[in-house]
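Student: Please take a close look at one part of this model, the surroundings of the ligand, and follow the helix packing that connects to it.

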Amino acid sequence: MSRTERFDAIIVGGGLMGASAALHLRKFHGMSVAVLERGYIGAQASGVNFGHVRRQGRFLPQLPLAHRSRRLWSALPELVGHHCEFIPSGSLKLAFAEDEMDKLLAYAREAKHWGLEIEVLGADALRAEYPWLNPDVLGGTRVSEDGHANPRLVTPAFGRTAQALGAVVRESCEVLSIDHDPAGFRVQTAGGETYLAPRLLNTAGAWGNRIAAWFGEAAPLEIKGPLMAVTEPLPYFLGPALGSGNGPCYLRQVQRGNVVWGGGRWSQPQLDPPRAQADPEHLTRQFEDIVRLVPALRGAQVIRTWSGVEGYVADGIPVMGPSATTPGLFHAYGFCGHGFQLGPAVGAVAAEYLANGQSETPIEPFSITRFSETPANAGEVHEHDD
Ligand SMILES: Cc1cc2nc3c(=O)[nH]c(=O)nc-3n(C[C@H](O)[C@H](O)[C@H](O)COP(=O)(O)OP(=O)(O)OC[C@H]3O[C@@H](n4cnc5c(N)ncnc54)[C@H](O)[C@@H]3O)c2cc1C
């Protein structure tokens, strides 16, 4: 039986961005909201990522948003009733060559102006603190307050809390079309339901361009699947999440002992139905990169491999901001392999825009209009986690 429901806001996509926005809309703005999710809350990129809560290396104008998110990571117990295994273990980047070290140092200098303190560690200091590192390491940089969390726990916790606060969360609810007229948005789902609202949030992740295209907008978006793996439980030794400075290759150890690793290699996922497959050949090479950082891992048994569906915008930074064509529409998608850390604050800022049309957290560089204007950052591609 078809039905029609009316809300203050509709959210298309129940990943971390959508779930956090729903929570913030209910908790701080008192708006009625429905989250429409094609599959399950947090089952796509938000639930399968590496779990790095990292600010170092980000596009500098993204740091205000990342700082806001970092504060929310510490507040998870109050916000969603669970720590979600967030551990501020530190996040470390390593250099094996002079030019890599120069880049890390240059970033550390610049980041200071954006409120991020990065410690510089020489080879001796690194060896003293982390005796398991490859002895060829030249130096590194560290943000002690960053760390990692369990992606399987985070988005469901946001979704459950949003629901407990009164958000309507519909799973297995694919949005097939959206019309807009002066009265607002009319959303049709595969189940035949109609949802009406004056405001709409596009948090459809790798599928975000489809929603934007219904409103005559798009960003240059490529779909890729970062490759990930996890070892058997090993005696706990690692501490910080760490990666190489010359390219994305990273690992972390959870408290149960498993070492999660990934980076630098991708599968080619499909959007319909969503599917991303690990590629054993790439994983073998990827493991060599990891063993170069931490030689003691050679011989560790890999117990699971996976990938995920992620949207990468051509300049390496997401689309986030009000639509340029349609009043009441806000986009937040295409997080280019680095959206997990940002997710809590993306939801907070999107909720502020939906409720008040503005936010104190600057997001102008992420506007979808940068592809119709001459972008200041043209040609530069910014760092991601995978
Ligand atoms: C393997 C991997 C490793 C990563 N590692 C890190 C990391 O360590 N640190 C970090 O910061 N970031 C990382 N990322 C990136 C991060 O996971 C993503 O940027 C972030 O989770 C994106 O969240 P999202 O809510 O935008 O998208 P998603 O989680 O993909 O959610 C979008 C949702 O929209 C739904 N949807 C799409 N179309 C429709 C429709 N028509 N109707 C209804 N629902 C729809 C989808 O089903 C999906 O659930 C990684 C990503 C991957 C894949």
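Tutor: Contact here means heavy atoms within 4.5 Å. The model is a predicted one. The ligand has 36 residues around it, and Glu37, Ser46, His52, Glu310 and Gln341 come nearest. By class, this shell divides into 15 nonpolar, 15 polar and 6 charged residues. Several elements supply at least two shell residues each: helix 1 (16-29), helix 2 (45-48), strand 14 (221-233) and helix 10 (339-356).

The side chain of Ser46 places an N or O atom 2.5 Å from an oxygen atom of the ligand. A polar backbone atom of Phe50 is 3.2 Å from a nitrogen atom of the ligand. For Val175, a backbone N or O atom lies 2.9 Å from a ligand nitrogen. On its own the ligand has 1000 Å² of accessible area, of which the protein covers 98%.

Helix 10, one of the elements supplying the shell, also packs against helix 3 (residues 63-74), at an angle of about 105° and with the axes 7 Å apart. Angles of 65 to 115 degrees count as roughly perpendicular, so helix 3 is roughly perpendicular to helix 10. On the helix 3 side, the residues in contact are Leu65, Ala66, Arg68, Ser69, Arg70, Leu72 and Trp73. They meet Phe340, Gln341, Leu342, Gly343, Pro344, Ala345, Val346, Ala348, Val349 and Glu352 of helix 10. This contact has 11 nonpolar, 3 polar and 3 charged residues.

Terms used
Residues are numbered from 1 along each chain as its sequence is written. This is a predicted model: local features need pLDDT of at least 70, side-chain atom pairs count only at pLDDT 80 or more; totals for chains, interfaces and linings use all residues. Side-chain values use heavy atoms; hydrogens and water are left out. A residue is near a molecule or strand if one of its heavy atoms lies within 4 Å of it. A polar contact is a pair of N or O atoms within 3.5 Å; within protein, one must be able to donate a hydrogen and the other to accept it, and residues adjacent in sequence count only if both atoms are side-chain atoms. Accessible areas come from the Shrake-Rupley method with a 1.4 Å probe; for residues, only the protein chains shown count as cover. Helices (H or I, at least four residues) and strands (E, at least two) are DSSP runs, numbered from the N terminus. Ala, Val, Leu, Ile, Met, Phe, Trp, Tyr, Cys and Pro count as nonpolar, Asp, Glu, Lys and Arg as charged, and the others, Gly among them, as polar. Axes are lines fitted to C-alpha atoms, for helices over the stretch in contact, and angles run from 0 to 180 degrees between N-to-C directions. Angles under 35 degrees count as roughly parallel, over 145 as roughly antiparallel, 65 to 115 as roughly perpendicular and the rest as oblique.
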